[in-house]
Amino acid sequence: MMEKNKMKISEKTAFKTDDKDPPKNGKDYVVAARDFSVYYGNFHAVKNANVSFERGKVTAIIGPSGCGKSTFLRCVNRMNDLVDSCRTSGELIFDGINIYHPRLDIVELRRRIGMVFQRPNPFPKSIYDNIAYGPRLAGSIKKSELDGIVETSLRRAALWDEVKDRLNSNALGLSGGQQQRLCIARALAVRPEVLLMDEPCSALDPKSTSRIEDLIDELSGEYTIAIVTHNMQQAARVSHYTAFFYEGSLIEFGKTETLFTSPQKQATNDYITGRFG
Amino acid sequence: MKTSTRKVLDKSFTLTSYASLALMCLVIVLFLAPIIVNGIGAVVFRATVEHDKFLYETLGRESSGYREELEKSNAARKPLYEMMAHFEKSDNYGHLVEKINAARAQCLSKLESEADIIFAALDIEDSRERLEKVRAIADAAWSPYINEISALADDSLHNGGTLSAAEILKKQSNSLPGAAKLALNSLYEKKKLSFQQKSMLRRNFTSFPMSALAQNLEKLEQANAAYNSFKKGVAELLGPSTAAEKEKLNLLRQKYGQPRENLARDVFEQSVLHISVAEKDAEGRDVVRKVESAEYFKGTPVEEMISYMQKNMPQMMQYHWTVYLGFFFDNPYDSNIFGGIWPMILGTFYLTVGAMLIAAPLGVIAAIYFSEYAKPGRLVSLLRMCVGTLAGVPSIVFGLFGLSFLINTLRVSESKSVLAGAITLALLILPTIIKASEEALKSVPNSFREAALGLGAGKWKSIYSVILPSALPGMLTGIIISMGRAAGETAPIIFTAATSTGAALAVWEVFTQATPALPWNIYNMCSEHEMADKVQHVQYGMVLTLIAIVLTLNMVAILIRAKIQKKLKN
């Protein structure tokens, strides 16, 4: 019964958010938030945010600690469901349907919106099994096909050359940077449309950071990427659009060059020039 | 606080902790050392030829050099048995029987020849004078006979042969009254006597030698009882002297002598060098007293036997070091005096593994529920409280529960069975397993859950494929340590599974049969066993085995955890 009641995202019918689609300005938005709020109990963590991720572009979300940027990102694939006291209001639309629709199939949503976490979190399994985990979930799959997916994913994550000889060794034996790229490869293996990255470089050294940034650059175009970062230089380097959150509110959202060179708001200016944060 | 004060405090604290650690180690050593030493003594010990004899005859295992040993010990025992046979020989005094009978006939004939004197004495008016006179006549008449039997008794007491002397005296006391009656009858025919006169004659001429006989006989019987006590001690030490004698015995412990050197020495000291003698105390009550046999048998052939045994004990028993691994794999024979502890080990194994098979799945499932599915609420906190309470219930209460609910109400088995015991033990260790598994699940980083969910795994799939494997080492550790606890628990199995004796069970019998098990049998053998002080080596051996099982389980737990952790961390 449960399964039948679950609505596939592809059956857009009941989910269509009728009258007022977000302003498109001739652009193709994959994810769009409209007056989206998140509460932890009584705490209003994200206040009426209006942010959109354009297809094939990189959107950076910046802001000081505790401003709600990670909370917002984790809502996009409903990872915040793990927090009992968390509830939302407003609309968060993915591919034309509301992510928080009660009958939405979360598993399918998460398969289409992949996520890379702050700390590398490979499973304590072999490198191969880590990558194969997602595809195997989708159902039985031929070994040759799986091998292909593993190789493609690792190549896309620029890790193939480093690990091709030891696919069966434990993933926990990799360095921190390699582990994070493995996590990216693992997320790519399920062929998501959107890739959410929650401060993916904060636990890494500068060299690994620059490799991940290169990787993000390569992946953009093919994937829609949203990246939360503390590092303003990083946001400036990798993203096309930047959203600035402050104390739960979206202060400013726009093209990255514009936001960093001529911010519209005083708070944005103060933050990017290092007055606080 | 000043730096110097802080340093002093630091040092004194360190010192105290070292001291308490040292104390703990000392206690453990003091506690374990005797158990280990004595427990090893159950397997490695100085055996006697009787041990090998038991192995060969009952279990069909011939130890190396057994035949040679047997020959040597038989050769050493032969002189002793010969001495004993000579001592017990029944016709030592056969040649004296004629003499005694002749003396008796002579004494009785005096009755006739001195009839006139007797009648004269009976006619004396004064009753006291009359009695004295009659007695004097009887004394004179019987003295040769009494002298003969006293001489016989004294001779046998000094030179051995009390057994045959006692036989002769018994025969005499049986036949004497008849013979005396015949002689008296011929007296009555000669003269008409009053009833009083008749009874006076009968008393003095019959009971007079009878009491002398009885006195001598008592002396001899006492000596015989002492000798029998000595002989029993020898049989206990060496086993029955002949094969025919052995066949007649029912108990295995009577068929063989002492199998261990220390036991042999004890028996020699207590039952051969000392004997029990029945005596009357000042108030006339019978008491049994232990006396030194060398002192008691001084001057008799038994003294020679004792000194021979003292000299030749090692040859007779053939002491030698042996390793009896059968202690772990043999059934016990005759109240654990012989054989090993296999049924107890197997019973403990069944109970422990059974408890684990029942408790582990339940515990893990409950832990998964608590850790992954339960939403905080009144019901869950109630359930948690129940688990906590269960952990605090005394184990004897579990035992009673097993008896009253599982056996009497649910009737999982007719009476005690391994199944009922295993279920009871499972309930006992369930809280521990739940707690340990829950901790293990909680220690799995949340990032694993997020990663699995983020890749589109459902809840159960993420638990099954990522969280459980990561929590496995912790769970296994908890389960195996609980097994150790189940192996050592006594109270729950008293009511539900344990018997003090019984054979090793086959696997299909565990559902209906009770079993011996180490913890219960340790208690039973130390306190309620009929031969508790003779089977000390078995007691220690079982304690050591149990400790070894529990420690091994804990070691395995540590190793598994280390291995899996190493694998997880590459």
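**Cavities and strands in a two-chain predicted model**

In chain B, helix H2 (49-59), strand E6 (338-339) and helix H23 (536-568) each contribute at least two residues to the lining of the largest cavity. Helices (H or I, at least four residues) and strands (E, at least two) are DSSP runs, numbered from the N terminus. This is a predicted model, in which local features need pLDDT of at least 70 and side-chain atom pairs count only at pLDDT 80 or more, while totals for chains, interfaces and linings use all residues. Residues are numbered from 1 along each chain as its sequence is written, chains are lettered from A and ligands numbered from 1 in the order in which they are written, and side-chain values use heavy atoms, with hydrogens and water left out.

The largest cavity has a volume of about 110 Å³. A cavity is a set of points, on a 1 Å grid over the protein atoms alone, where a 1.4 Å probe fits but cannot get out, and its lining residues have an atom within 4 Å of a point. The volume is the space filled by probe spheres set on the points, which are joined across faces, edges and corners. Of the 13 lining residues, His51(B), Tyr324(B), Ile337(B), Gly339(B) and His537(B) lie nearest the centre. The lining divides into 9 nonpolar, 3 polar and 1 charged residues; here Ala, Val, Leu, Ile, Met, Phe, Trp, Tyr, Cys and Pro count as nonpolar, Asp, Glu, Lys and Arg as charged, and the others, Gly among them, as polar. Because domain 1 (67-85 + 238-330) and domain 3 (338-568) of chain B both give residues to this lining, the largest cavity lies between them. The domain bounds come from an automatic or database domain assignment.

The structure holds 3 cavities of 30 Å³ or more. Helix H7 (176-189) of chain A and helix H19 (446-454) of chain B each supply at least two of its lining residues. This lining comprises 6 nonpolar, 1 polar and 2 charged residues.

Attention now turns to the strands of chain A. Strand E9 (residues 224-228) is mostly covered, with 5 of its 5 residues buried, that is, under 20% relative accessible area with a 1.4 Å probe and protein chains only. In a regular strand the side chains alternate between the two faces of the sheet. In E9(A), Thr224(A), Ala226(A) and Val228(A) point one way, and Ile225(A) and Ile227(A) the other.

Two strands pair if DSSP finds at least two bridges between them. Strand E4 (residues 58-62) of chain A runs parallel to E9(A), joined by 4 bridges, and Ala60(A) stands opposite Ile227(A). Strand E8 (residues 194-198) of chain A also pairs with E9(A) in the parallel sense, over 5 bridges. From E8(A) the chain passes through helix H8 (residues 206-219) to E9(A) in a right-handed β-α-β crossover: with the strands pointing away from the viewer, the path from the first strand over the helix to the second runs clockwise.

Strand E1 (residues 29-40) of chain A has 10 of its 12 residues buried. Antiparallel pairing links E1(A) to strand E5 (residues 86-94) through 8 bridges, and Ala32(A) stands opposite Ile93(A). E1(A) and E2(A) form a hairpin with 2 residues between them, and Gly41(A) in the turn has a positive phi of about 60°.

Technical notes:
Buried < 20%, exposed > 50% of the residue type's maximum accessible area, 1.4 Å probe, protein only. 1 Å grid on protein atoms, 1.4 Å probe; cavity = no way out; pocket = protein on both sides within 12 Å on 5 of 7 lines; lining within 4 Å.
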